[in-house]
Amino acid sequence: MTATMTRDAILEVRDLSISLSGDGPAVGAVDRVNFSIGKGEVFGLVGESGCGKSLCALAIAGLLSRPMAVSSGEIRLAGTDLTRLAEPAMRRLRGDQVSMIFQEPMSALNPLMTVGDQIGEMFVLHRGLGERAARMRAIEALEQVQVSSPERRIAAYPHQLSGGMRQRVMIAIALACDPALLIADEPTTALDVTIQAEIVELVLDLCRAKGTAVMMISHDLGLVARICNRVAVMYAGQIVEERSAGDIFTAPAHPYTRGLVDALPRLGRRLERGQERLTEIGGMVPAIRDFPQGCRFEPRCGRATADCRAGPIPITPLQQDGTVRCVHHV
């Protein structure tokens, strides 16, 4: 393990591997991932779809289901290894010390329960409150996420609310018990662009007030650059670069990170004559069973050599704070 661990870390992920088991031999989906998140820090995990970001999030929250499973490594939350907890213990911790906001609240919320009951359930399960007290706390939670007329909204069912309102309910549930860590997995993807910024700012303001650390999973590099302290870039089940957000976006070291940054549209940048498209990374993320033996980005990389195909690429500390997985890094 060569990744730098954060001082006063609330979360430490150490050599985490996740495997896919099926009819044949198990296949590695996530390979020896290392990162840590400090208390109150906003940490970004970025990469294309299929790179393993959401698998890491589900593993931390104890929500991986077959055929996926943690095959090795540790996930330490405030010193407790979550991979060793039995499901009843993990259920008590989930929602209390670690919470998660999903991409699509309509599929995450229970369609047969009112939003008030779903928020109040957190206070019943984790704080031992009675029905009346839980209802009052649910109203307060809706007020915190700026839902109008919360006394009336608690009686609504998810399908009776707009997408933005449902996501606010998800935020209220996730932050109800003041967790130490909030995992936000593409929390604005399903929302109208006009309210995406509102939702992100709401999450950050509430987390700052509560001292909650945030793990922001996104493919929106503009968002990550604006809100995160540190960023890890993930590709094909591996972290290929981890640095401060400023360094990642001003001087990316890994060719994949450079490709992601170059693909960002920039205000005021005009397309040159004859150039009809923005910069893009050619090819696709390989399927789990097709990961290359050497550098996993090698088939799409313009700087690849025989060294890149020779075998697994080690993680290298950078002169500045951070790490990179590349033999030809800048």
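In the predicted model, a salt bridge (a side-chain nitrogen of Lys or Arg within 4 Å of a carboxyl oxygen of Asp or Glu) joins the side chains of Glu201 and Arg226, with an N to O distance of 2.9 Å. This pair links distant parts of the chain, Glu201 lying in helix α8 and Arg226 in helix α9 (residues 221-227), 25 residues apart, where helices (H or I, at least four residues) and strands (E, at least two) are DSSP runs numbered from the N terminus. Glu201 is partly exposed, with a relative accessible area of 31%; here buried means under 20% relative accessible area, exposed over 50%, and partly exposed in between, for a 1.4 Å probe and protein chains only. The model is a predicted one, in which local features need pLDDT of at least 70 and side-chain atom pairs count only at pLDDT 80 or more, whereas totals for chains, interfaces and linings use all residues. Residues are numbered from 1 along each chain as its sequence is written, and side-chain values use heavy atoms, with hydrogens and water left out.

By the salt-bridge rule, the count comes to 20. One of these is formed by Asp178 and Lys210, whose closest N and O atoms are 2.7 Å apart. Asp178 lies in the loop between α7 (163-175) and β7 (181-185) and Lys210 in helix α8 (residues 193-210), so the pair ties together parts that are 32 residues apart in sequence. Both partners count as partly exposed, Asp178 at 43% relative accessibility and Lys210 at 25%.

Glu242 belongs to strand β10 (residues 238-244) and Arg230 to strand β9 (residues 230-235), 12 residues apart. The relative accessibility of Glu242 is 6%, and that of Arg230 is 13%. Elsewhere, salt bridges that share partners join Glu12, Arg14, Glu74 and Arg76 into one network.

The structure also holds four aromatic pairs, defined by ring centres of Phe, Tyr and Trp (its six-membered ring) within 6.5 Å, with planes under 30 degrees apart counted as stacked, over 60 as edge-to-face and the rest as tilted. The rings of Phe35 and Phe43 have centres 5.1 Å apart and planes at 15 degrees, so this pair is stacked; Phe35 is buried at 0%, and Phe43 is likewise buried at 0%. Tyr235 and Tyr256 form a tilted pair, 4.6 Å centre to centre with 55 degrees between the planes. This pair connects strand β9, which holds Tyr235, with helix α11 (residues 255-262), which holds Tyr256, across 21 residues. Ring pairs link Tyr235, Tyr256 and Phe297 into a cluster.
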